[in-house]
Structures are given as structure tokens and as C-alpha cells.
Amino acid sequence: MNHSQFLISGFLRPPFYNGVGRQINQLQRLTIKFCKSHGGSKGMRDFIENHLVNYAKENQSVVVYVKPRRHRSPVIVAEYLNGDRRWMSAQNRNHEEILKWLSLLSLQAGDTEPIRYRKNWHTDCPSIQGPWTPFTHKNPAFNNIAFPDKELGKQLNMPETATEKLLRLVQEQKNTKNE
Amino acid sequence: MTLLRIASRAVLTLHPTISLLNQQKANVARWVRPTLMEIRARKKKLEIKNGPQKESPRSNFIEWNYDAEIYAFGIRLKEKFNYTLLQQAFVDRSYIVQEEMKQRSVGVENPSLNLSDNSALAKKGEELITEFVISFLNLSLPKFPRDGIKAIYRHLVSDEVLLKVSQSIGTKDLILSSNYPPMNDVYVATLKAIIGALFESSGEARAYEFIRDFICTQLNQVDVNELWKIENPMELLKEICKDKKLGEPEPRLINNAGQNTILAVHYVGIYANKKQLGTGFGENIQIAKEEAVKDSLRTLFQTNNNMKPFNFRMPVEKVANLLKKPALAAASVDNI
């Protein structure tokens with residue numbers, strides 16, 4: 001079996017109970033590196049001209065650094081609050097693609113592999129009522145009974161015997177005659 | 001070391017045929033492998049000689065703008081800070097000492113930095129944390145005894161919890177300290193100073209909300225009963241029953257199974273005036289009794305398994321009102 005074909009499974013774990021008190025954006029820093037002349041950086045240059053100011057305005061909690069460098073491919077580096085650093089090549093990507101990648105990066109909580117959620121919720125206290133035990137719904141009256149007990153031990157779904165059926169039929173006949 | 005790092009980076013980036021993403025295209029020149037091997041060997045040699053390479057501070061990078069970072073920090077926490085106060089909150093005493101030493105070493109007679117450290121702000125922050133956390137706990141767990149409240153408070157303001165909070169809001173790169181990464185107590189002091197700075201910049205209510213949202217929420221999914229070790233539970237239960245006039249608590253065996261086997265189980269209940277206070281299981285009667293006493297205490301304190309979760313959206317005015325009543329405030333904050 002090829003295990004790499006399957007997503008690793010796990011539980012939803014927001015960092016530091018994020019959102020219980022207030023929501024903190026986990027992306028803290030973004031470095032955009034690009035070349036001013038190479039064709040591979042065309043999309044990145046378009047992005048910087050048209051969208052970057054807008055992006056920075058919308059995500060003021062993210063510090064954006066723009067770093068031109070000669071004849072090197074464009075790169076996005078995202079740094080997160082948990083210390084993760086995610087490097088991404090943006091070679092030959094157009095500005096729309098870059099915007100989409102950036103919006104994905106700003107929503108993530110770190111350099112995390114995608115996981116398959118086993119459940120959409122998670123709790124450290126899975127049982128509120130406590131675990132079931134053999135004593136949970138036991139009738140307290142049973143404490144004073146010495147087993148085996150005839151009354152409690154009898155069969156519950158005993159079918160009608162032939163004798164009982166005959167007796168019942170005779171009784172029914174008698175009843176109809178009397179009427 | 002830096003030279004080595006630059007060299008290795010040059011090898012990785014200058015050579016256009018190495019594509020990190022597309023392995024099929026890779027046509028790696030024959031000199032690359034031995035070069036990388038050599039760099040790796042030299043790195044290892046240096047590490048053996050000088051110990052592992054130290055983490056470089058993020059502020060040493062070219063792409064670093066301290067003002068922008070401080071601004072983004074405030075926005076990230078959704079708070080309005082006074083810039084100078086927030087900056088002061090990140091300055092540790094050790095940084096000032098180090099900078100003064102540096103200036104003296106180059107011959108400056110009276111070094112001046114125009115910086116003040118965060119100790120005053122941290123003190124203010126610590127006071128605010130104490131006030132708020134104690135009142136918050138008193139309001140959230142009205143039936144919990146004072147010793148227990150103290151134990152939970154001590155857990156919440158312990159260095160481990162505050163360190164985690166401080167690290168999770170991203171103070172690591174902003175702290176100005178002589179060490180990098182900063183020492184644990186510097187992280188904690190910085191968090192307290194941030195709260196102090198928030199109090200000075202935006203007022204008491206915002207500071208309380210900050211404490212509620214970042215420190216009190218650390219109680220989420222934590223069993224508060226585990227934070228307080230009761231020395232003698234039976235004695236405590238007897239005292240409480242006496243105070244509340246519930247009658248003398250007495251343990252009774254409710255059920256047992258598997259006697260004289262390795263899987264023996266005893267089920268004990270604690271009764272007072274023929275009313276059940278709690279139950280517990282154990283492999284022998286003694287343990288079952290102890291568990292039952294603990295369960296009864298949990299029920300009396302209203303901290304049993306099915307307790308209501310903490311209200312982390314509790315309006316801070318409610319807590320502040322409690323603090324304004326002098327008698328209550330004194331009772332809650334004193335002797336901690």
C-alpha cells in the first residue's frame with residue numbers, strides 16, 4: 001500500500017486555544033523576494049504594483065517586506081507565530097495566483113501539512129456523565145437478594161404450552177355457551 | 001560560520017540546474033555533490049569545536065523594521081497601544097546594561113541610551129493580573145474554597161503558563177534582551193509589561209479584557225480539581241458538612257464485585273442525613289472511600305465533571321465592580 005497517497009489523520013488543534021478568548025492572526029511576517037528584470041518575476045511585479053498595498057492594508061497585523069534581488073527567482077517566505085517559516089517559490093506565477101497563495105498563507109497557523117480531520121470537533125473531556133459501569137443502572141433492591149432467586153430467575157418469554165392452550169379453548173367454549 | 005552558510009546558499013541558488021520543486025528536470029552538475037559534502041563536513045567540524053551554531057536573532061536580518069513590527073504587534077492583538085510605552089515594554093534591563101557596556105568599551109564616558117526598562121510596567125501588569133484573575137475565579141467558582149482559588153491562581157500566573165502565552169503572541173523577536181532567544185523570566189516580565197503598557201495606553205477595562213482573553217482562557221479544558229491538592233479530604237468534607245449543617249458524612253458500600261480476585265471492585269457512596277453526596281470506585285474499600293470523598297467535595301464545590309464551562313466572555317465590568325467593593329477586594333487580593 002502506498003501510504004503517501006493518504007492524508008495523515010488527526011484532530012483539529014488551534015494553537016494556544018486561538019479564538020476562545022480572541023482570534024489572533026497567526027501569520028506575523030511576509031517576505032517577498034523578486035527580480036526587477038527577469039521574466040519569471042513578471043507576475044510578482046504585477047502583484048506588487050496592483051495588489052500589495054491593498055493586501056497590506058487589509059492585513060495590518062502582517063509585516064510585509066519586499067526585497068528586490070537581481071536575476072533570482074521570486075519567492076514568498078511566510079513566518080508564523082509558532083516559529084514556523086514557510087518558503088514558497090513563485091516562479092512564473094501570475095499576480096492572481098500569487099494573491100490566492102498569499103490569502104491561503106495568511107489563514108494558516110504554521111507550516112502545517114494538510115491533515116484529514118477524524119472529527120470536526122475535539123475535547124479533552126469526552127464524557128460529561130462519566131463512563132458506564134455495570135452498576136450504573138442497577139436496581140438497589142438487588143443488593144438484598146440472595147442469588148439464585150426463583151422469581152428473578154424465571155424465563156421471561158415462556159410460550160404457551162399445549163395444556164394451557166387446551167384449557168384456554170375450553171374456557172372460551174364455556175363462555176360462548178353461557179351467552 | 002556565516003561565510004560557510006553564505007557559500008552553501010550560493011551553491012544552492014546560483015546554479016540554475018538545481019530545481020527544488022521539479023525533480024525530473026534536475027540535471028545536477030558533477031561538482032555540486034562533493035562541494036555540498038565538503039561544506040557539510042566543515043560545518044560539522046566547527047560544530048564539534050564550538051558547539052552547535054547559535055540561532056541568529058531575526059532582527060539581524062536585512063529585512064527587519066522594528067517600528068513596523070511593533071505596530072503590527074498591537075494590531076495583531078486588536079489593541080491600541082501608546083507606541084513609546086509598548087516599545088518600553090519590550091526592553092529588558094539586561095539589554096540596557098549590555099548597550100552601556102558596549103558604549104564604554106569604545107570610550108564613551110557617560111553612556112546614555114534614552115531607553116528605560118520594563119520593570120515598572122511589569123509591576124503594574126502583575127498587580128492587574130492578580131486583581132483580575134482572583135476576582136474572575138471568585139465569580140466563576142463561587143462555591144470553591146479560598147485555598148483552592150489560590151491554587152488555581154498560582155497555576156495561572158506560574159512561569160510555565162505565562163511563558164506559553166507570551167511566546168504565542170509573538171514576543172520572541174521583539175524583546176530587547178542580552179540573550180537570544182530570551183530567558184524564560186524575560187518572556188514573562190515582557191507579557192506583564194505589555195499588560196501594564198496597555199493599562200497606561202487604553203485604560204483599565206482594555207487591560208482586564210486582555211487578561212481575560214489571554215491568561216484566563218488558559219483554564220480552558222483544564223480540570224480545576226487537579227490544580228489543588230487537598231491534604232486531608234475527609235476532614236475537609238466533615239468541616240464543610242458541619243458548616244452547611246448537612247449532617248455527619250458517612251461512607252457506605254453500595255456495590256462490589258469480583259471479591260478475592262485481581263479485578264475486585266468496590267463502589268462506595270458518601271451519605272449525610274441519608275442523602276447521597278458522592279460516589280467512588282476503588283480496588284479496595286479504602287481507595288473507593290477516598291474517591292467518594294473527592295467526588296462529594298467536587299459536587300459541593302460545583303466543579304464536577306459536568307460543571308458549566310468557564311465564561312471567558314464575562315463582561316469585565318462585572319469583575320471590576322467586585323473589585324470596587326473594598327472588603328471583597330481586600331479579601332480576594334490579600335495573602336496571596
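Predicted model: local features only at pLDDT ≥ 70, side-chain atom pairs only at ≥ 80, totals over all residues.
Trainee: Which three residues supply more than any other three of the area that chain A buries against chain B?
Mentor: In this interface, 31 residues of chain A are in contact with 42 residues of chain B, and the two chains bury about 3300 Å² between them, 53% of it on carbon and sulfur atoms. Of the area that chain A buries against chain B, 24% is supplied by Phe16(A), Arg22(A) and Phe135(A).

Trainee: Which residue of chain B meets the side chain of Arg22(A) in a salt bridge?
Mentor: Across the interface of chain A and chain B there are six salt bridges, and the count of residue pairs in polar contact is 14. In the salt bridge of Arg22(A), the N to O distance is 2.6 Å, and the partner is Glu79(B).

Trainee: Which element gives the most to the side of chain A that touches chain B?
Mentor: That side has 10 nonpolar, 13 polar and eight charged residues. The elements that give it two or more residues are β2, β3 and β5 of chain A, and the one that gives the most, with four residues, is β2(A).

Trainee: Are α6(B) and α14(B) roughly parallel or roughly perpendicular to each other?
Mentor: Helix α6 (residues 119-140) and helix α14 (residues 316-324) of chain B pack with their axes 9 Å apart, at an angle of about 100 degrees. Their contact, which includes Phe132(B) and Leu322(B), divides into seven nonpolar, two polar and two charged residues. Because angles of 65 to 115 degrees count as such, α6(B) and α14(B) are roughly perpendicular.

Note on methods:
Residues numbered from 1 in each chain as written. Chains lettered and ligands numbered in written order. Heavy atoms only, no water. Axes fitted to C-alpha atoms, helices over the stretch in contact; angles between N-to-C directions. Parallel < 35°, antiparallel > 145°, perpendicular 65-115°, else oblique. Contact = heavy atoms within 4.5 Å. Nonpolar A, V, L, I, M, F, W, Y, C, P; charged D, E, K, R; others polar. Buried area = accessible area lost by both parts, 1.4 Å probe. Salt bridge = Lys/Arg side-chain N within 4 Å of Asp/Glu carboxyl O. Polar contact = N/O pair within 3.5 Å; in protein donor to acceptor, adjacent residues only side chain to side chain.
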